[in-house]
Amino acid sequence: MAKRGENTVKKHQVMQVLPAGAWGIKSSFRSLVALLFAFLVVAAIYLRQSNEQVFQHANGRTHDAISSGGCNLFSGKWVYDNKSYPLYKERECTFMSDQLACEKFGRKDLNYQFWRWQPHQCDLPRFNATALLERLRNKRLVFVGDSLNRNQWISMICLVDSAIPPAFKSMHNNGSINVFKAKEYNATIEFYWSPLLVESNSDDPVNHRVPDRIVRVEAIEKHARHWTDADILIFNTYLWWRRRQMKVLWGSFEIPEDGIYKPVKLPRVYEMALQTWARWLEVHVNRNKTLLFFMSMSPTHEMADKWGGISGENCCGETEPVMKEGYVGDGVSPRMMSAVESVLGELKTRGLNVQMINITQLSDYRKEGHPSIYRKHWETITQQQLSNPKTFSDCIHWCLPGVPDLWNQILYAYILQLNPITE
């Protein structure tokens, strides 16, 4: 009987302890929820600030060379200047592209040609075609990437074009590689079509618009063998990665049935491709010879409400830049830009410097600088489209003369500093 009584007491004691324990768990849960909420608030503020900083400063790594002289070329404002700009005339550029010749295809508002970028702390060196060509004497300058890098390549050709007599320049196209030659200088300014840097089913320079995009994230040699002996390499890749995931192929495009396919989400698949690219650079680039640059993301202007315009509109009809300093649109991905910075930072720790040219923030202001409807159209424009021009507006590429000329002015400033003439 005594033993049964002891058991009853113990059971009663247990019943008294359980509510207290339950209360402790409940209290801890409330504390955890409060901490989680506070964390989310702080994280949201931090991410917003980080997104703005990644465009403006790119973690301080994008302007090491120039800022050492007390100037950040990427922080400034656009100033209207119709006296010293444009740096060339559209119709006088021998190799102008019909995709970018906005005046030729009917654009009447030409103010987009007259904006000059003014850094806050200094003046941007004015482009001097002869000085650049001297630095390119007996050298190869190669742009590698997508159609925005081609946009910049054509801008560079237009910038040097007037300094070269007709008999001393030529253009040669051979598949993915396009070569402009300044014969007197034995210099070439080239563009190589490789929109994702690594191998993909979008590598054909003509037939590359495929609905189901596939990449071989560990394969780059097919492309890279064309760049190996270049003296200056300018890379970009972003536009073709703008989707939630990409199908990755482990295998060969030549024998597709033997390959392994797996969808990989962004930005992870982007990081994988960049790491392959970085490994190639580390092994193959002559560090005593080759200058390396990576162009940050060129922003698009496809949602007018982001800059205070009408919801549902885009760059079509825009005639002025965004004047609010620090404006950040939604045409780029801070996560992907951070992925580039991370890879470049790792390369730098291993002794290979790839200079990022941070064009993102300064280009984001230029909502009016795109071709919109003023370009050659390779597909027939329907009557329905004509009734609503924004539906076929190009708010991705840039009119020339225009924004990419500034990208090349900044590139020119780096080349002047990093590659001085030997007296």
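Which ring does the charged end of arginine 126 sit over? Here are some friendly notes on that and a few other places worth a look in this predicted model.

1. **Charges over rings.** The ring belongs to tyrosine 85, and the charged end of arginine 126 sits 5.7 Å from its centre. A second case involves arginine 366, which lies over the face of tryptophan 78 at 4.5 Å from the ring centre.

2. Seven strands line up in the order 4-5-6-3-9-12-13, with mixed pairing. The edges are taken by strand 4 (169-174) and strand 13 (354-357); each has a single partner strand, so one side of each is left without a neighbour in the sheet. From one strand to the next, the twist averages 15°.

3. Strand 4 runs antiparallel to strand 5 (residues 177-182), and six bridges join the two. Across this pairing, asparagine 173 stands opposite asparagine 178 in strand 5.

4. **Helices on the sheet.** Helix 4 (residues 147-161) packs on the sheet and touches several strands, including strand 3 (140-145), strand 6 (187-193) and strand 12 (291-295). The direction of helix 4 makes about 160° with that of strand 6. Helix 7 (residues 334-349) lies across strand 12 and strand 13, and runs at about 155° to strand 13.

5. **Asparagine 236.** Look for this residue in the loop between strand 9 (232-235) and strand 10 (245-250). Asparagine 236 has a relative accessible area of 8%, so it counts as buried. The side chain of asparagine 236 makes a polar contact with the side chain of aspartate 146 at 2.8 Å. Beyond its neighbours within four places in sequence, asparagine 236 is in contact with residues including Val144, Leu148, Leu197 and Phe294.

6. **Aromatic pairs.** The count of aromatic pairs comes to 16. One of them is edge-to-face: tyrosine 80 and tryptophan 115, at 5.3 Å centre to centre with 75° between the planes. This pair links distant parts of the chain, with tyrosine 80 in strand 1 (residues 76-80) and tryptophan 115 in strand 2 (residues 115-119), 35 residues apart. Tyrosine 80 is partly exposed, with a relative accessible area of 36%, whereas tryptophan 115 is buried at 9%.

7. **Two tryptophans and a cluster.** The rings of tryptophan 398 and tryptophan 407 have centres 6.2 Å apart and planes at 80°, so this pair is edge-to-face too. Both tryptophan 398 and tryptophan 407 are buried. Elsewhere, ring pairs link Tyr192, Trp227, Phe235, Trp277, Trp280 and Phe294 into a cluster. Phe294 is also among the contacts of asparagine 236.

Technical notes: Residues numbered from 1 in each chain as written. Predicted model: local features only at pLDDT ≥ 70, side-chain atom pairs only at ≥ 80, totals over all residues. Heavy atoms only, no water. Helix = DSSP H or I, 4+ residues; strand = E, 2+ residues; numbered from the N terminus. Buried < 20%, exposed > 50% of the residue type's maximum accessible area, 1.4 Å probe, protein only. Polar contact = N/O pair within 3.5 Å; in protein donor to acceptor, adjacent residues only side chain to side chain. Contact = heavy atoms within 4.5 Å. Pairing = 2+ DSSP bridges. Axes fitted to C-alpha atoms, helices over the stretch in contact; angles between N-to-C directions. Phe/Tyr/Trp six-rings, centres within 6.5 Å; stacked < 30°, edge-to-face > 60°. Lys NZ or Arg CZ within 6 Å of the ring centre and 35° of its normal.
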